[in-house]
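Me: I am new to this structure and would like to understand the terms used to describe it. Could you take me through some of them, setting each value beside its definition?

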Amino acid sequence: MHDHHQVDVRFSSSSIRIHSPSSKEHSLLTNLKSCSKTFVSQLSNTRLSLNQMLESLRNRHTPPRSVRRPNLPTQMLNSVTQLMIGKSSPISLSLIKSTQLNWSSDSGDENVEIIRGLNSPLLCCASLSLTRPNESSQSVEGKDMIQQQKGHSVSRNAEERVLISEVLVRTKDGEELERKDLEMEALAALKACRANSALTIREVQEDVHRIIESGYFCSCTPVAVDTRDGIRLMFQVEPNQEFRGLVCENANVLPSKFIQEAFRDGFGKVINIKRLEEAITSINGWYMERGLFGIVSDIDTLSGGIVRLQVAEAEVNNISIRFLDRKTGEPTKGKTSPETILRQLTTKKGQVYSMLQGKRDVDTVLAMGIMEDVSIIPQPAGDTGKVDLIMNCVERPSGGFSAGGGISSGITSGPLSGLIGSFAYSHRNLFGRNQKLNVSLERGQIDSIFRINYTDPWIEGDDKRTSRSIMVQNSRTPGNLVHGNQPDNSSLTIGRVTAGIEYSRPFRPKWSGTAGLIFQHAGARDEQGNPIIKDFYSSPLTASGKTHDETLLAKLESIYTGSGDRGSTMFAFNMEQGLPVLPEWLCFNRVTGRARKGIHIGPARFLFSLSGGHVVGNFSPHEAFVIGGTNSVRGYEEGAVGSGRSYVVGSGEMSFPVRGPVEGVIFTDYGTDLGSGSTVPGDPAGARLKPGSGYGYGLGVRVDSPLGPLRLEYAFNDQHAGRFHFGVGLRN
């Protein structure tokens, strides 16, 4: 890549190297086992990753560490050797020079050398020499002396002040720096050392440290020279190289553009350790934000100002499934085929392991419904620099019987008279392939549904995650939604025998589609169970004029689910086409759609929904769209607003927390058949004087429960009549 600096940036990919941990810091893969829950702690410290680069700077510009112990004549007043200790930093720089601090005086003899322990990674040893002009090259011969002095003597010598007449910044050869900007950076870093100031050894050494800490210099030696104008203090510095290019190795997922942006401001400039630290931190932050097991493992400078950056990315070496006993937690033999679980995972071999992707895989496996608990444990794969993933799975019981209850939407005589009970047997994991079988029976005062449903959530051999569902159902539902309010108080039911097969698959994020074929045999019966073809008003109950209508439906459906939470955005579109394979089979086209949008404003949540549909062709009257009721226009009985060939229903509500799981709700609904009630065969809505449109408004409470939200609402309609509504689950 190239930018306006014309820099040379090269990326290469090779095997990953993750260095062994030191006593103070652990390597990336050593802590993989303990970081399945928290990834940030593995990547937060980059100090170890930069040590080698900084070591290379030290080795290139710094001679071996030594402390010279001079032979001093009796005229020497003091000789104090002291190492400067820098502040700890995320980037460690070790620059060590021999230390010699000579203060010449004729006032007495005293030799003191202080050697202090070092705990900081940022070190600087300074050499401060005080000589007279033309005598700086002469050596002083004498006997080596190392004396252990008392603390108060050391403190007194270190705090004695010397007047400095001039402060300069020079190269290590004593010449002026070619780059005046670096000279200004060094002078700006000084705090105590100023012209015509009295300084102590400690203050000089602290300023040496500040120059190194500015990040532009790899060494700094203070030298004091006694001139006729006074003592001149020179800081002899050696700048870092200029940044001329970048080589990045092993960065397989790190975008090259991101690398270029991280180092762009430094190209063509003197390498600054602080700026380098910021660039490395941004790279490690890129990995952390994405939950990736990656870090800058090594950085070095080559000749010509080329910076070599090595990245360690832990690739997935192998993924294995381990089943654990529900009670003991010990490994056991599972009933589920490992391939059934592995194909659910988006994490594959050879990828850089991502904690975020791993969490999504755990959620996906749990969503299968056959696991009680799932966790992923990363472990180092030997010395390969890769990682092995072990997925621990605790299986749920594969099948069993259950019982429950609900509310029928077709009962209108009271809020609680529509209670129904259910009994079911289900097997969640047929053949160990996550295939499901459900046999259920629901029974109420009028309702009854017997259903057998077989589902394969992912057809074997399909790479599109296509599911298949086969259903057989025999149901009886109230017919009063369309043909209610019989003057003789009689009632009728609609019996349906249905069988079909559907295929579903996701085709875009948050989008899924369904296609299927459904055969239906439906007709009306009276209270005694006898087939009838007309109601009390002589309106036909079938489209064919026979006791039953038969229909073969081709179904297409597309759903957008948003986040899937209550109140999130949702859109669904459904189209059904009756196929007249036989002349007596019905031929029609039905299109429906519904949408929902939620908005949060402070603690309140606003929810807006809209649904509608239209039918073209010859269809059964009991299949007309019904308007009014708990899931339509509240304030009306079920189907009391109208039943038509077309419809539109809109709703708006505001919910707010009351206490704990209890919410308060204020709502308003409106629905209309768009004047299509008379186009339904027999005009059942017109015969019963249904208005065809209406609205309702009211308030209620909702309580979260294991069965879903329990809704108790009271609404008034536009005819000023009030009505309670009770429901279980979310409103359609």
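**Setting values against definitions**

Me: Why is Phe 431 called exposed?

Reply: Phe 431 has a relative accessible area of 68%, and a residue counts as exposed over 50%, as buried under 20% and as partly exposed in between (1.4 Å probe, protein chains only). The value of 68% therefore places Phe 431 in the exposed class. This is a predicted model in which local features need pLDDT of at least 70 and side-chain atom pairs count only at pLDDT 80 or more, while totals for chains, interfaces and linings use all residues. Residues are numbered from 1 along each chain as its sequence is written, and side-chain values use heavy atoms, with hydrogens and water left out.

Me: How confident is the predictor, on average, in the protein?

Reply: Confidence in each residue is given by pLDDT, which runs from 0 to 100; the protein averages 79, and 76% of the residues score at least 70. Residues 1–154 have a pLDDT below 50, although this stretch has 344 contacts in the model beyond near neighbours in sequence, a contact being heavy atoms within 4.5 Å.

Me: What makes β12 a mostly covered strand?

Reply: Five of the five residues in β12 (residues 245–249) are buried. In a regular strand the side chains alternate between the two faces of the sheet. In β12, Gly 245, Val 247 and Glu 249 point one way and Leu 246 and Cys 248 the other, and all are buried. Five bridges pair β12 with β14 (residues 306–313) in the parallel sense, and the partner of Val 247 in β14 is Arg 308.

Me: Why is the ring pair of Phe 258 and Trp 286 called tilted?

Reply: Rings of Phe, Tyr and Trp (its six-membered ring) pair if their centres lie within 6.5 Å, and planes under 30 degrees apart count as stacked, over 60 as edge-to-face and the rest as tilted. By this rule the count comes to 16 aromatic pairs. In the pair of Phe 258 and Trp 286 the centres are 6.2 Å apart and the planes stand at 45°, so the pair is tilted. Phe 258 lies in helix α6 (residues 256–263) and Trp 286 in helix α7 (residues 273–289), so the pair ties together parts that are 28 residues apart in sequence. Phe 258 is partly exposed at 26%, whereas Trp 286 is buried at 9%.

Me: How do you know that Arg 645 is buried, and what does its side chain meet?

Reply: At 17% relative accessibility, Arg 645 counts as buried; it is found in the loop between β32 (642–644) and β33 (646–659). A polar atom of the Arg 645 side chain lies 3.1 Å from the backbone oxygen of Thr 679. Leaving aside neighbours within four places in sequence, Arg 645 is in contact with several residues, among them Val 615, Phe 619 and Pro 681. The C-alpha atoms of Arg 645 and Val 615 are separated by 5.5 Å, although the two are 30 residues apart along the chain.

Definitions and conventions
Helices (H or I, at least four residues) and strands (E, at least two) are DSSP runs, numbered from the N terminus. A polar contact is a pair of N or O atoms within 3.5 Å; within protein, one must be able to donate a hydrogen and the other to accept it, and residues adjacent in sequence count only if both atoms are side-chain atoms. Two strands pair if DSSP finds at least two bridges between them.
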